[in-house]
Amino acid sequence: MNIRQFLAATLMVMTHTVNGQVVINIDANQRGPMVSPTHYGIFYEDINHAADGGLYAELIRNRSFEDDTTPCKWYSVGDAAIALVQDGLLNDVQHNALNVTIVNNGDGVRNEGYWGINAVKGREYKLSFWAKSDNKYKGVLTASLQSTAGHTLGEADVKVSLSKEWKKYTASIIATGDDPKAEFTLLADKPGEFLLDVVSLFPPTFKNRENGMRPDLAGMLADMSPTFMRFPGGCFVEGQESPDNAFRWKRTIGPIEQREGHKNVNWGYRTSDGIGFHEYLQLAEDLGAKPLFVVNVGIWHGGCTPYDQIGEWIEECLDALEYANGDVTTKYGRMRADNGHPEPFNLEYIEIGNENYNFNMDDNSDQSDHYPERYIQFYNAIKEKYPNVKCIGNVESWATDHPSWRNDYPVDIVDEHYYRNPKWFADRFNKYDDYDRDKHLIYVGEYAVTSNFGNIGNLNAALGEAVYMMGMENNSDVVVMNSYAPIFVNENDARWRPDMIRFNSSQVMGTPSYYVQQLFANNIGTQVVKTDWTYDLTKPHSAEEETQHPVHIGLATWDTDVTYRDPQLIVEGKTVDISDYKTWNKVSGDWNISATGITQSSGKQPAMIVCPDNIEADKYTFKVQAKKNSGAEGFMAMFGYKDRDNYQWFNIGGWTNTQNNVEQAIGGGRVTLCKGHRFSVEDDRWYDLRVEVDGDSINCYLDGKLDLSCKSMNDNPNEGVYASTTMDDVTKTMIVKIVNLGDGHADGVINLSNCTIDTTKNDALQLIRLSSESGNDENTISAPNRISPVKADIKAGNSNEVLFNVPAYSINIVRIPIQ
């Protein structure tokens, strides 16, 4: 039977069956681009305690007493007195030590770790600390793990004979019981006084590395089989308030007592820099991933080094390359060898800046000061000394779906970032199909569903991301690298949601998005194969007529003092009187009503006020005049307002008063509906705004001229089936990915031409599935495997046919052995 006959037969069957059909046709000779060998990787940033209290295995919190002006997370035991001191310190990089005064036998100190220390019976914990005493304290210090009930879960005695010189002590504690909320104690057997510094406790680490990683978290990364690892950020690279709060790699290498640490101001806590430059390189090597180092171009949040004075930053970048790649006869290559790695790490990728090429190149209000001029200085210096290193450039990181390299300087790869909703990602399956193959390559360095994702990350989010990832696979000749962001969150200090790996002191779980990343990276071939498909799904019940809800118009501001006047609403040609501001609903902000207009004066982000009149019609026009009095941005005319999480607005002078665009909020997350353009609102000038809505068509006018035109997004649940294929010519395996976004289901068939199934490898025909009953379902710490990959039924109908089913809300990966 040929393909046409089969399809005809299939259609006849469909008229007599309750099940729909997904029909996928693959011609093995219809090849697409080769798959990039670095297609799937990971992006690591210290956010949500991803390092200290996370991937970094150190168990003592505030081990060097540098986190605050008080000994936070350290507490006295018994009648002991503790205080920070700044004299007689361990070395120049340590700014505090802990003075401990023992009054009675058994007094001491305790540390609660990072929301508990995970004590596991039989596990060995390696302790080290530095101590000294001007009074030549002698005695026994007993280090122990204590349960929440006050029981000892293992201890070690350390005999000390202290002098005025600092001395390092070590010991091992074998846990005798389990408690994820245990605490560390250090108790003395006699009165006296001494100083402590750099108190460290390590469990076993990933690959038994000194100063290493937590095995379960690093194991989750290893299971993703990343081909590259981007580090150390993110905003973490730039820092905030001061260049001292940026990541300065030379301060992060060597013994832990020689690391100063720094304020991670961007994410709200101090970091010990226990995971330093060397550890990042070592982790990448241990994961089998190429390192990708993001360097600071002399810009931090709130300031910058003048672009013509960035020699220090360029030198820091070149020195990092020498540390990673240099021969042991070089200064920094020798330093690497002294730190335990004489062989080069082979750092091949440098990203020049992090999100530093946005809109305001002249005033740095969005961390973009003279980025092109900074970039080319780094590029030239790197290429002169390391010509084979690939240089990655920044493009706009927000406020546009079409970021671009807006200069004539050479660049190897550009880094695009997208944080959107599930539908946006699913709708971009073909985003790169028509990309100019003669332009630069693309690294999608940060992407994730960040609205409509549920609580911590639901299946709908993963489904949308999966479709987008399939589109990137199909265009792997252009999108040569991609990585989800961010990875980690300690559930006790979540500062960003969602994140794909969630953990506490003893438990770890992956969201559905994590499993998509894992599945896709482990199931990709060497070349794309053209894939055609049709689908007709069986719905679980008859589709009901969608209830039409009225919408409203309104006004909004963002950290700006604005006055509005003369609002007009015209619905299907008829004018509606909406001039009585007193009836308008103040959703947020400080709105003051007068006879001549309405003013919003607070810094609320956003401030909203909504007209109560219902709009039932598809066609209407909203007019208003607006004047900016002061503040950071411009003003917004709202329309299509359903509630505070679902609306649209014409945003004039948004993004720190740099551009206009139309945005739509769906479930609390906003997306841009068109390609915006540069515009700045002047203070104390009246502007005429007009928005015309006709169904899903939107036309926005500024001072009588058409400014933006676009279409609204359907905020109904996602629907549709997507398919893609790659061929692994090394293992002779065809890998087909099928994603069903909605609540329909179907029988599935894959029809092969110009190849046959290798029936001698029965076990090699596999279907791996990620699915659940609802797209809103999520994993939790207590139920981590609710949505996780499972093997499902599949069979060969004949040598050219594969039969399976396609459930609702499912990601299906079919592996077919080919003769």
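A few ground rules come first. Because the model is predicted, local features need pLDDT of at least 70 and side-chain atom pairs count only at pLDDT 80 or more, while totals for chains, interfaces and linings use all residues. Residues are numbered from 1 along each chain as its sequence is written, and side-chain values use heavy atoms, with hydrogens and water left out.

A cavity is a set of points on a 1 Å grid, laid over the protein atoms alone, where a 1.4 Å probe fits but cannot get out; a pocket is an open set with protein on both sides within 12 Å along at least five of seven lines; and lining residues have an atom within 4 Å of a point. Grid points are joined across faces, edges and corners, and a volume is the space filled by probe spheres set on the points. On that basis there are 4 cavities of 30 Å³ or more. The largest cavity holds about 170 Å³. Its lining consists of 18 residues, and those closest to the centre are Arg63, Ser64, Asp67, Thr271 and Ser272. Sorted by class (Ala, Val, Leu, Ile, Met, Phe, Trp, Tyr, Cys and Pro are nonpolar; Asp, Glu, Lys and Arg are charged; the others, Gly among them, are polar), that lining splits into 4 nonpolar, 5 polar and 9 charged residues.

The second largest cavity comes in at about 90 Å³. Val237, Phe247, Trp249, Phe293, Val294, Val295, Asn296, Trp313, Glu316 and Cys317 do the lining. Helices (DSSP runs of H or I, at least four residues) and strands (runs of E, at least two) are numbered from the N terminus, and strand S17 (290-295) and helix H5 (311-325) each put at least two residues into this lining.

H5 has 15 residues and spans 21 Å from its first C-alpha to its last, close to the 21 Å expected at 1.5 Å a residue; the expected span is 1.5 Å times one less than the number of residues. H5 is also mostly covered, with 11 of its 15 residues buried, where buried is under 20% relative accessible area, exposed is over 50% and partly exposed lies in between (1.4 Å probe, protein chains only). Among the buried ones are Trp313, Glu316 and Cys317, which also line the second largest cavity. The cover over the buried residues of H5 includes helix H4 (277-287), S17, strand S18 (299-300), helix H6 (331-338), strand S20 (349-352) and helix H7 (371-385), going by contacts (heavy atoms within 4.5 Å).

Moving to open space, the second largest pocket has a volume of about 1300 Å³. It is lined by 44 residues, with Ser397, Trp398, Tyr419, Trp496 and Trp655 the closest to its centre. Elements giving two or more residues to this lining are helix H3 (235-238), strand S22 (413-420), strand S38 (646-653), helix H11 (654-657) and strand S40 (669-672). By class, the pocket lining has 16 nonpolar, 16 polar and 12 charged residues.

Now for the strands, where two count as paired if DSSP finds at least two bridges between them. Strand S8 (residues 124-132) has 7 of its 9 residues buried. S8 runs antiparallel to strand S11 (residues 167-174) with 8 bridges, and antiparallel to strand S13 (residues 192-202) with 6 bridges. Lysine 126 is bridged to serine 172 in S11 and to phenylalanine 202 in S13.

Strand S30 (residues 560-571) is largely enclosed by the rest of the structure, because 9 of its 12 residues are buried. S30 pairs antiparallel with strand S36 (residues 619-631) over 10 bridges, and with strand S34 (residues 597-600), also antiparallel, over 3 bridges. Valine 562 sits opposite glutamine 600 in S34, while leucine 569 faces phenylalanine 622 in S36 and has valine 576 as its bridge partner in strand S31. S30 and S31 make a hairpin with 2 residues between them, and glutamate 572 in the turn has a positive phi of about 50 degrees.

Finally, an open sheet of 10 strands shows mixed pairing in the order S49-S48-S52-S46-S45-S28-S1-S47-S51-S50. Strand S49 (790-791) and strand S50 (795-798) are its edges, each pairing on one side only. Within the sheet, valine 528 is bridged to threonine 726 in S45.
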